[in-house]
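Subject: Handing over a structure, with notes

Dear colleague,

I am passing a structure on to you, together with a written account of what was found in it. Please look through the sequence and the model first, and then read the notes below beside them.

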Amino acid sequence: MKKSIGVSPNIETFFGPRDENVRLLEDSFNISIDLRSNSIDLEGAPRDVARAEQVFADYETLQRSGFTFNNGDLNSMVRVLTTDPNATLRGLAEAGRQRSFGRRTVQPKSGNQRRYLDAIENHDMVFGIGPAGTGKTYLAVAMAISALLAKRVNRIILARPAVEAGERLGFLPGTLQDKIDPYLRPLYDALYDMLDPEKVDRYLEKSVIEIAPIAFMRGRTLNDSFVILDEAQNTTSEQMKMFVTRLGFNSKAVITGDVTQIDLPNARRSGLLEAIDVLKSVEGLAFVHFDEGDVVRHHLVQRIVRAYDEHKTRVTEQQMLLLAEAKNPELAEMAEKHSGASLDEKPAATDTKQ
């Protein structure tokens with residue numbers, strides 16, 4: 001099927017740098033898009049052409065209504081459209097506009113981010129689990145600020161375990177707050193990015209926003225609060241159980257973590273891993289899992305996350321093979337040959353394409 005649609009004013013802003021949004025639509029919808037001086041020609045299966053036509057129509061409608069796309073939002077929305085057949089460009093844009101995130105408008109940049117925001121709206125406790133850069137903490141803080149400004153909650157409580165990332169910093173100088181602030185700095189960064197600094201300082205001074213290590217949560221019942229536990233993979237089993245039982249009336253809790261970056265001593269099991277097993281069938285909870293496709297940082301981060309995942313898979317397969325060989329003495333000679341062959345093999349070239 002081939003169809004031509006008219007060119008609306010300023011439609012070129014949709015194309016993106018080097019027409020990357022157009023190329024993304026072509027690859028994802030399996031269609032051909034020919035940009036002409038007075039029309040846009042779409043060619044492909046009828047259903048795919050209809051979806052692409054709807055994208056252009058939605059963009060024209062949003063543009064006429066005065067909607068402006070922030071840096072990178074349009075490309076992110078197009079990526080959501082390519083993974084979610086029920087999503088529309090207009091629906092994504094208006095969903096983001098309906099939420100108040102202080103001085104910043106935050107749009108879901110992937111299908112999982114969209115499900116994450118929906119889960120936070122519809123559940124009292126949500127677990128966001130995935131690699132670095134997927135927006136777990138940032139979106140949770142945005143939703144907390146939205147709830148506070150809309151007066152759905154009276155305060156925001158942000159907690160983190162005070163665990164160093166693979167190193168020991170020793171004793172830090174200053175007051176108790178000075179000692180714990182370095183561990184909680186990412187939470188401050190998200191707050192200052194979404195609210196005016198004066199308002200953040202005022203909220204912190206009046207304890208409308210409270211930032212504290214998870215150890216300070218014991219014994220508290222948190223009513224009318226939006227509670228976020230960040231870096232939950234570094235909680236112990238006891239800490240996690242203590243935190244998830246703090247939830248009071250008219251409150252929400254969001255627990256975020258990356259199970260591939262656990263900094264606890266080897267002898268202790270992550271409370272997040274245990275919670276995934278123990279709470280997966282509890283009604284009223286929601287688990288949202290992110291992957292490398294949801295990374296919204298520099299494009300290199302996606303490739304780095306993918307490389308670590310592939311490395312982990314290879315190591316696991318090698319360990320399982322060695323364990324099987326150890327249980328079967330007849331395979332010892334084969335294991336030795338396999339080891340020698342592995343040493344002689346040259347590493348494959350890394351694919352740097354996105």
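Ser-39 is buried, with a relative accessible area of 13%, where buried means under 20% relative accessible area, exposed means over 50%, and partly exposed lies in between (1.4 Å probe, protein chains only). Not counting residues up to four places away in sequence, Ser-39 touches Ile-5, Val-7 and Asp-34, a contact being heavy atoms within 4.5 Å.

Before going further, please bear in mind that this is a predicted model, in which local features need pLDDT of at least 70 and side-chain atom pairs count only at pLDDT 80 or more, while totals for chains, interfaces and linings use all residues. Residues are numbered from 1 along each chain as its sequence is written, and side-chain values use heavy atoms, with hydrogens and water left out.

On confidence, pLDDT is the predictor's confidence in each residue, from 0 to 100. The protein chain averages a pLDDT of 79, and 79% of the residues score at least 70. Among the elements of the chain, S4 has the highest mean pLDDT (95), whereas helix H13 (residues 332-344) has the lowest (51). Two stretches call for caution: pLDDT stays under 50 over residues 164-170, for which the model has six contacts beyond four places in sequence, and it also stays under 50 over residues 341-354, for which the model has five such contacts.

As for the chain as a whole, it has 13 helices and nine strands, and buried residues make up 41% of its 354 residues. Of the contacts with a separation of 6 or more, 71% are between residues 24 or more positions apart.

The sheet that holds Ser-39 comes next. Three strands form an open sheet in the order S1-S3-S2, with antiparallel pairing; two strands pair if DSSP finds at least two bridges between them. Strand S1 (2-6) and strand S2 (32-35) stand at the edges with a single partner strand each, so one side of each is left without a neighbour in the sheet. From one strand to the next, the twist averages 20 degrees. S1 and strand S3 (residues 39-43) run antiparallel and are joined by five bridges, and within this pairing Gly-6 stands opposite Ser-39 in S3. Helix H3 (residues 46-64) packs on the sheet, touching S1, S2 and S3, and its direction makes about 155 degrees with that of S3; axes are lines fitted to C-alpha atoms, for helices over the stretch in contact, and angles run from 0 to 180 degrees between N-to-C directions.

A second open sheet is formed by six strands in the order S6-S5-S7-S8-S4-S9, and here the pairing is parallel. S6 and strand S9 (285-289) stand at the edges, each with a single partner strand, so one side of each has no neighbour in the sheet. The twist averages 15 degrees from one strand to the next. H7 packs on this sheet, touching strand S4 (125-129), S5, S6, strand S7 (225-229) and S8, and its direction makes about 170 degrees with that of S7.

Strand S5 (residues 155-160) and S6 pair in the parallel sense over five bridges; Ile-157 stands opposite Glu-210 in S6, and the bridge partner of Ala-159 in S6 is Ala-212. Four of the five residues of strand S6 (residues 209-213) are buried, which leaves the strand mostly covered.

Helix H7 (residues 136-149) is also well covered: 12 of its 14 residues are buried, so it is largely enclosed by the rest of the structure. Those buried residues include Lys-136, Leu-139, Met-143 and Leu-148. Just after H7, Lys-151 takes a positive phi of about 60 degrees.

Finally, Ser-270 is found in the loop between strand S8 (252-257) and helix H11 (271-279), and at 2% relative accessibility Ser-270 counts as buried. Ser-270 touches Ala-232, Gln-233, Thr-235, Ile-262 and Leu-264, again not counting residues up to four places away in sequence.

With best wishes

Conventions
Helix = DSSP H or I, 4+ residues; strand = E, 2+ residues; numbered from the N terminus.
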